[in-house]
Amino acid sequence: MNPERGTPVVELRKISKQFGAVQALVDVDFSAYAGEIVALVGDNGAGKSTLIRIIVGIWQPTSGEIFYSGEKHNRIDPRIASRLGIQAVHQDFGLVNTMTIERNVFLGSEPYKAGLLRVLDRKRMIEASKEVLDIIGMRSQITPSSQVATLSGGEIQAIKIGRAVYYKAKLIILDEPTNALSVRERHRVVELTQEIRDRGVGVIFISHDIHQVYGIADRILVMERGRTIGDYVKTEIDVDSLVTLIREGRTGKLNNGSS
Amino acid sequence: MAKTDAKQAFVIGETGRRNSNWLRRFVIREIGAVVGTIVLFLFFTVMIGSNWVNLLSIKSILDVVAQLGVMTIGESLLIISGEFDLSVGSLFGFAGTLFIILMAAGLTPVESFLLVLAMAALVGLFNATLTLRGQIPSLIVTLGSLFIFRGLVYYGTSGFPITLPAGLSHNFLVNALGGSFWLNNSLIWLLVLTVVFSFVLTRTVFGNRAFAVGGDSRSAWAQGVPVNRIKTYAFIISSVMAALAGMMATAELGSATTTLGESQELSAIASCVVGGVLLTGGVGSIWGAIVGAAMLSMISNGLVMMGAPPYWFITFVGIILIIGVLTNNGVYSWMKKGARQ
């Protein structure tokens with residue numbers, strides 16, 4: 001699309017997803033680039049979650065093609081997505097509450113010393129946790145041995161983002177990262193999102209809060225009933241037109257006119 | 001404003017958190033089992049006197065404790081992984097019975113032992129497959145297995161005790177399972193297996209993932225943990241441990257009865273709960289569960305020594321189980337809350 005930005009980290013071509021009779025996504029084209037925050041907006045049921053679940057391999061598309069850094073991959077799962085540099089930060093899961101930060105950071109790809117028993121490399125786990133806490137600037141407040149259940153919602157979101165950065169993610173998907181957070185923590189998560197963008201990481205940011213999204217996004221993708229109805233560089237659209245577009249959809253004015 | 005800042009500092013401040021952690025380091029989840037065991041020990045010592053101390057050195061009682069303990073190792077590991085196994089008592093009985101039947105049929109003890117372990121591994125795989133692929137709660141699947149294997153015990157014994165073939169009671173393996181070289185061998189099994197599985201649970205990749213799938217399987221899965229595979233291993237370990245304990249029992253007794261291991265699954269689960277293993281998964285330790293098993297065994301023997309009818313034991317297990325769950329939940333949420341303040 002934009003040659004000067006190089007190859008997109010993820011490119012979707014004509015992706016459709018059907019659940020029985022429900023058409024969740026219809027011929028969606030979408031690209032995400034490094035060092036850019038692209039916001040995904042739209043009402044409930046617009047297909048935002050379906051889209052990102054397909055990108056991270058939780059679901060498979062019914063039809064269409066997906067390219068990761070220019071390479072076509074047909075069937076992937078979250079593990080492969082993670083290896084390809086795609087990390088998703090979900091709003092309500094990602095860290096195991098009953099475990100410490102240190103034990104969560106490498107979950108699923110734990111470092112171990114050679115041997116049949118695969119003995120954990122605790123030293124590396126603790127070092128990595130400290131690095132994650134450094135990335136999000138919380139090293140002085142939280143120790144790697146803190147149990148996740150004792151952390152606040154904002155701290156948990158921040159750690160998930162920090163972990164994704166630590167994993168050298170090329171693209172981080174933030175699914176409603178500021179839901180149920182206090183104003184202060186919301187602000188911190190937004191700041192953190194911009195920090196990782198400035199590190200050259202691509203970000204897909206999903207939120208219901210249009211004003212927040214408009215504040216931080218470089219590009220905005222609007223969805224309605226499984227279709228993309230707009231793909232704007234922020235300077236192309238003002239926040240009021242964006243709100244109107246989401247509220248009324250592409251066909252909104254027509255409907256209003258007829259009723 | 002100043003007030004808010006002060007509170008904020010207290011909430012996420014370094015010293016605040018460290019202090020509360022430091023305080024709460026004394027309160028471990030296993031505290032109920034540890035304190036309960038000590039208190040009950042003193043109680044029975046005072047009530048029963050020297051007979052009690054003698055009783056503790058009786059081999060058959062220690063063997064029962066060890067057999068329950070070995071079974072509890074597997075059960076605790078499985079509960080930590082977020083599933084249940086109600087079939088361990090029946091499998092305990094079936095494994096013990098099959099061990100004798102195979103040897104009576106002419107197989108060597110070593111062959112019989114290995115075959116029974118392999119059979120148990122298949123049972124674990126069966127329980128796991130139905131639970132994970134069939135999406136049936138493990139409580140129901142293993143309740144089915146409980147009946148199936150109890151039925152097979154009746155079939156195998158024809159309702160009467162069957163005995164170890166003559167001449168095998170001095171076999172090395174049979175002695176290693178149920179005899180005594182210099183200390184009860186069953187206790188050595190328990191000790192070694194507790195150390196091994198505690199290590200596996202706390203220090204290996206598998207252990208880390210077992211805690212993760214029990215605590216929050218969705219997060220674990222999203223991070224790439226093969227949830228079903230981890231749980232399947234846990235089911236298999238649970239079944240194999242129960243079978244091992246069952247063979248230890250028949251090796252020790254020299255016979256298998258239809259009631260071998262009956263309702264032992266409840267004692268194993270109760271031991272876990274009393275020992276601080278959270279029934280919802282993700283939290284607990286093997287050594288805690290073993291202390292729980294020791295406590296339950298002590299109650300059962302202590303009650304008998306005090307002259308209480310044996311059926312009181314079941315009532316007691318029930319009461320202790322409920323108290324255990326209540327204290328577990330209480331301690332857990334208190335620790336969480338404490339760390340937040």
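Predicted model: local features only at pLDDT ≥ 70, side-chain atom pairs only at ≥ 80, totals over all residues.
Modeller: A residue counts as buried if 20 or more other C-beta atoms lie within 10 Å of its own.

Colleague: Is B:Ala242 buried or exposed, and how many other C-beta atoms lie within 10 Å?

Modeller: B:Ala242 is buried, because 35 other C-beta atoms are found within 10 Å. This residue belongs to helix α13 of chain B, which covers residues 227–253.

Colleague: Which residues is B:Ala242 in contact with, leaving aside its neighbours within four places in sequence?

Modeller: Those contacts are with B:Met71, B:Gly74, B:Val88, B:Leu91, B:Phe92, B:Ala95 and B:Ala120. For a sense of how sequence and space relate here, B:Ala242 and B:Met119 stand 123 residues apart along the chain, while their C-alpha atoms are 12 Å apart.

Colleague: How should I read the packing of two helices, and what do the axes of α5(B) and α15(B) show?

Modeller: In general, two packed helices are described by the angle between their axes and the distance between those axes. In chain B, the axes of α5 (residues 59–80) and α15 (residues 286–305) come within 9 Å and cross at roughly 145 degrees, and the crossing is right-handed. On the α5(B) side the contact includes B:Ile61, B:Val64, B:Val65 and B:Leu68, and on the α15(B) side it includes B:Ile286, B:Ala289, B:Ile290 and B:Ala293. By class, this contact has 11 nonpolar, 5 polar and no charged residues.

Colleague: At roughly what angle do α4(A) and α5(A) cross in chain A?

Modeller: The axes of α4 (residues 122–135) and α5 (residues 153–166) of chain A come within 8 Å and cross at roughly 110 degrees, which means that α4(A) is roughly perpendicular to α5(A). Their crossing is right-handed. The residues that make the contact are A:Ala128, A:Glu131, A:Val132, A:Leu133 and A:Ile135 from α4(A), together with A:Ile159, A:Gly162, A:Arg163, A:Val165 and A:Tyr166 from α5(A). They divide into 7 nonpolar, 1 polar and 2 charged.

Colleague: How many residues of helix α1(A) are buried, and what follows the helix?

Modeller: Helix α1 of chain A (residues 48–55) is mostly covered, with 7 of its 8 residues buried. The buried residues are A:Lys48, A:Thr50, A:Leu51, A:Ile52, A:Arg53, A:Ile54 and A:Ile55. After the helix comes A:Gly57, which has a positive phi near 85 degrees.

Colleague: How do I read a sheet, and what is the order of the open sheet of 4 strands in chain A?

Modeller: Strands of a sheet pair through backbone hydrogen bonds, either parallel or antiparallel. Here the order is β2-β1-β4-β5, and the pairing is antiparallel. Since β2 (22–32) and β5 (71–72) each have a single partner strand, they stand at the edges, so one side of each is left without a neighbour in the sheet. Strands β1(A) and β2(A) pair over 7 bridges, with A:Phe30 of β2(A) as the bridge partner of A:Leu12. These two strands form a hairpin with 2 residues between them, and A:Gly20 in the turn has a positive phi of about 60 degrees. Strand β1 (residues 10–19) is also joined to β4 (residues 63–68) of chain A by 5 bridges, where A:Val10 has A:Tyr68 as its bridge partner.

Colleague: Which order and pairing does the open sheet of 6 strands have?

Modeller: In chain A that sheet has the order β6-β9-β10-β3-β11-β12, with mixed pairing. Its edge strands are β6 (86–89) and β12 (227–233), and the twist averages 15 degrees from one strand to the next. Strand β11 (residues 219–224) pairs with β12(A) in the antiparallel sense over 6 bridges, and A:Met223 has A:Thr228 of β12(A) as its bridge partner.

Colleague: Where do helices α5(A) and α6(A) lie relative to these strands?

Modeller: Helix α5(A) lies across β6 and β9 (171–175) of chain A, running at about 180 degrees to β6(A). Helix α6(A), which covers residues 183–198, lies across β3, β9 and β10 of chain A and runs at about 155 degrees to β10(A).

Colleague: How many residues does the contact take from chain A and from chain B?

Modeller: The contact takes 28 residues from chain A and 25 residues from chain B. On the side of chain A that touches chain B, α2(A) gives the most, with 3 residues. That side divides into 11 nonpolar, 13 polar and 4 charged residues.

Terms used. Residues numbered from 1 in each chain as written. Chains lettered and ligands numbered in written order. Axes fitted to C-alpha atoms, helices over the stretch in contact; angles between N-to-C directions. Parallel < 35°, antiparallel > 145°, perpendicular 65-115°, else oblique. Left-handed = near helix turned anticlockwise from the far one by under 90°. Contact = placed C-beta atoms within 7 Å. Nonpolar A, V, L, I, M, F, W, Y, C, P; charged D, E, K, R; others polar. Buried ≥ 20, exposed ≤ 12 C-beta atoms within 10 Å, placed from the backbone. Pairing = 2+ DSSP bridges.
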